[in-house]
Amino acid sequence: MLETLILAAGKGTRMKSKLPKVLHKIGGKPMLRHVIDAAKRAGSVREVVVIGAGAEMVENEISGVEFVMQIEQLGTGHAVLCAKENFANSTGTLLILCGDTPLLTSDLLKKFIAAHEESNCAVTVLTAEMPDATGYGRVIREDDGTFKKIVEDKDANAIEKQIREVNAGVYCADIRKLFAALDKVKNDNAQGEYYLPDVLTILKAEHEKVAIYTAEYCDETLGINTRIQLAAADQIIHRKKLHALMNSGVTIVDPGTTFIDCDVEIGQDTIIHPNTYLEGNTTIGADCDIGPNVRFTNMKVGNKVTAQFSYCHEAEIADGVTLGPYVHIRPGSKIGQNVKIGNFVEIKNSTIGEETKLPHLQYIGDTDMGKHVNVGCGTVTCNYDGKKKFRTKVGDNVFIGCNTNLVAPVTVGDGAYIGAGSTITKDVPNNSLAIARARQTNIADWNDKRK
Ligand code: UD1
Ligand code: CA
């Protein structure tokens, strides 16, 4: 049974942010969530997260784990010690991760854990060769290549600073041996902190076996301490996502201008055009044509949907829908099959029945609209009286003339027609024609008389 401890209590001073560091997002997901998900996928059955700075925000944002408080952030060693009680009854292996290394994959973790369990060591540390090791703890090896110690960047001398092999902040340890050694860690270093890596030196001095496992690629072990590193990690994760999608049969016309969050799903033979942002839990079906210039956030989109120059969020779009250019679909909307929505249309909290057409310049809010409705240009639902919102109901096979106002609450029955320019304030019965506009008066020879 693999248990995991994740360190996430640090202030993240170098981020210069009100938000705790581990809640900053890459690929549309908080860094801490990435770390938790990787641990779970690697076989962890229990995750304990040490929180402190901005603890309440972290607890509100992250679910499915246990939290433990580190009230004062006295260092990574002290952070692990805070969780001692949580593991009082545990034996076996503990995986330790940092909340600020979000690119770790479960594949790497699985290999790392397997290597640790095979080696029968007290502790194994994950390391990587970094092109630029600044900021990381450097790994000092004995002449025979085995572990000697880890020296933090701030404590390193000029020679040690040249070492490019770094501590990734990931460990597998025998739980009982780890906690026994932690009590002996001191804070006599440049930062006056209790360093977790010192546990390894202590265990080694006690003739326990300490192993090193070196990762093949260094980008998985990137630690995020600054916003520059955050942007670098975000780029890596977005690029990986695009590669995975392309390998699964999605066309990405211009990977350089396409941003797809890591939890987005897209079906086969869908084409994504430039300047497109697909965010959050968005799912898109097969054979769609999305973009250019589309932003979808938390959208559920069917097959064969076409969209260009549009922003849609927290809504559902069925198969065969055409959107854009310049459509805004707002939360709570459900767009039925083969609906056409185009040219400056806004839809909010409304359901639109199949085959209905909203081709140009409409505002449809808080509305339940049926099938096969033709909505004329400039139609507006007047859903707000300054205090309250009201719903509009439109039946099936309705024809709404151009420039109609539907003053809610109001119902237009099945098969009804509305004359252009009407302001509809009363219900329209099924199959009737409603005209609600001033009658036209023509004054004969008016222009001649004016002279
Ligand atoms: C740490 C390691 C360093 C390693 C690097 C990898 C130590 C002393 N140093 O350095 O060897 O190369 O990670 O990225 O461990 N945290 C707490 N409580 C604390 C302090 C930190 O929970 O009191 C958490 C932070 O929220 C963070 C993680 O521990 O998620 C690492 O802390 P950070 O300050 O970023 O350590 P680094 O300086 O990066
Ligand atoms: Ca760090």
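How many of the eleven residues of helix 1 (residues 31-41) are buried? In this predicted model, where local features need pLDDT of at least 70, side-chain atom pairs count only at pLDDT 80 or more, and totals for chains, interfaces and linings use all residues, nine of the eleven are buried, so helix 1 is largely enclosed by the rest of the structure. Buried here means under 20% relative accessible area, with exposed over 50% and partly exposed in between (1.4 Å probe, protein chains only). Among the buried residues of helix 1 are Met31, Arg33, His34 and Asp37. Just after this helix, glycine 43 adopts a positive phi of about 110 degrees. Helices (H or I, at least four residues) and strands (E, at least two) are DSSP runs, numbered from the N terminus.

The calcium ion (ligand 2) is coordinated by Asp100 (OD) and Asn225 (OD1), at 2.3 to 2.5 Å. Aspartate 100 sits in the loop between strand 6 (93-98) and helix 4 (106-119), and asparagine 225 in the loop between strand 11 (210-214) and helix 8 (227-247), so the pair ties together parts that are 125 residues apart in sequence. Both aspartate 100 and asparagine 225 are buried. Donors are N, O and S atoms within 2.8 Å of the metal (3.2 Å for Na, K and Ca); water is not among the atoms, so sites may look incomplete.

Turning to the strands, an open sheet of nine has the order 14-17-20-23-26-29-32-35-38, with parallel pairing. Strand 14 (265-266) and strand 38 (410-412) stand at the edges, each with a single partner strand, so one side of each lacks a neighbour in the sheet. Two strands pair if DSSP finds at least two bridges between them. Strand 20 (residues 300-301) and strand 23 (residues 316-317) run parallel and are joined by two bridges, and valine 301 stands opposite isoleucine 317 in strand 23.

Residues are numbered from 1 along each chain as its sequence is written, chains are lettered from A and ligands numbered from 1 in the order in which they are written, and side-chain values use heavy atoms, with hydrogens and water left out.
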